[in-house]
Amino acid sequence: MAWIVLVVSGLLETAWAVALDRSAGFTRPVPSLVFVVTLVLSMLGLAYALREIPVGTGYAIWVGIGASGTALVGMLALNEPASLPRIACLALVVAGVVGLKIFH
C-alpha cells in the first residue's frame, strides 16, 4: 500500500507544480486552491509512505515522479520544447525511479 500511496503522491506533486504555474503568483483563486489542496495531499501521502519505505528511496521516487510528470505535462500541454535530449533525460529519470523500486 505504501508504494501505491507514494506513486499517487508523486502524481499529486505534478498537479501542484502545474497549479502553481497556472496560479500566476497566487493571483488566480482556482489554481491557487488546487495548488494548496494537492500540495497538502502530496505531502501527507509522502509522509504515510515513508513509514514503510526508507526516506532516501521514497523521497527520490516521489521527486522523480513529480519532476518527470511536470516536465511531460509541460511538453504535452503547455507548449514547452520537446527535444530529443530533454526526452532522453526524462527517460533517465524514469529509469532511476524504476531502479530504486527494483533494488529497494
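I61 touches W3, L6, V97, L100 and K101 when residues up to four places away in sequence are left out of the count, a contact being defined as heavy atoms within 4.5 Å. The model is a predicted one, in which local features need pLDDT of at least 70 and side-chain atom pairs count only at pLDDT 80 or more, while totals for chains, interfaces and linings use all residues. Residues are numbered from 1 along each chain as its sequence is written, and side-chain values use heavy atoms, with hydrogens and water left out.

I61 also belongs to the largest nonpolar core, a group of twelve residues made up of A2, L6, W16, A19, F35, L46, A49, I53, I61, W62, I65 and V97. Such a core is a set of buried Ala, Val, Leu, Ile, Met, Phe, Trp, Tyr and Cys residues joined through side-chain atoms within 4.5 Å, where buried means under 20% relative accessible area, exposed over 50%, and partly exposed in between, with a 1.4 Å probe and protein chains only. At least two residues of this core come from each of α1 (2–22), α2 (29–49) and α3 (55–77), and α1 gives the largest share, with four residues. Helices here are DSSP runs of H or I with at least four residues, and strands are E runs of at least two, numbered from the N terminus.

The helix α1 has 21 residues and reaches 30 Å from its first C-alpha to its last, close to the 30 Å expected at 1.5 Å a residue, the expected span being 1.5 Å times one less than the number of residues. Buried positions in α1 are A2, V5, L6, S9, G10, E13, T14, W16, V18 and A19, and the buried residues of this helix pack against α2 and α3.

How do these helices lie against one another? Axes are lines fitted to C-alpha atoms, for helices over the stretch in contact, and angles run from 0 to 180 degrees between N-to-C directions. The axes of α1 and α2 come within 8 Å and cross at roughly 155°, and the two helices are therefore roughly antiparallel to each other, since angles under 35 degrees count as roughly parallel, over 145 as roughly antiparallel, 65 to 115 as roughly perpendicular and the rest as oblique. The crossing of α1 past α2 is left-handed, a term for a near helix turned anticlockwise from the far one by less than a right angle, with clockwise giving right-handed. Among the residues that meet in this pair are L6, W16 and A19 in α1 and F35, L46 and A49 in α2.

The axes of α1 and α3 also come within 8 Å, but cross at roughly 40°, which makes α1 oblique to α3. The contact includes W3, L6 and W16 of α1 and I61, W62 and I65 of α3, and α1 passes α3 in a right-handed crossing.

On α3 there is a further partner, helix α4 (residues 84–102), and the two axes come within 9 Å and cross at roughly 155°, so that α3 and α4 are roughly antiparallel to each other. Their crossing is left-handed, and the residues in contact include I61 and I65 of α3 with V97, L100 and K101 of α4.

Between the helices, some backbone angles deserve attention. Most residues other than glycine have a negative phi. Just after α1, however, A24 takes a positive phi of about 55°, and F26, in the loop between α1 and α2, has a phi near 65°. In the loop between α3 and α4 lies N79, whose phi is near 60°; at 75% relative accessibility, N79 counts as exposed.
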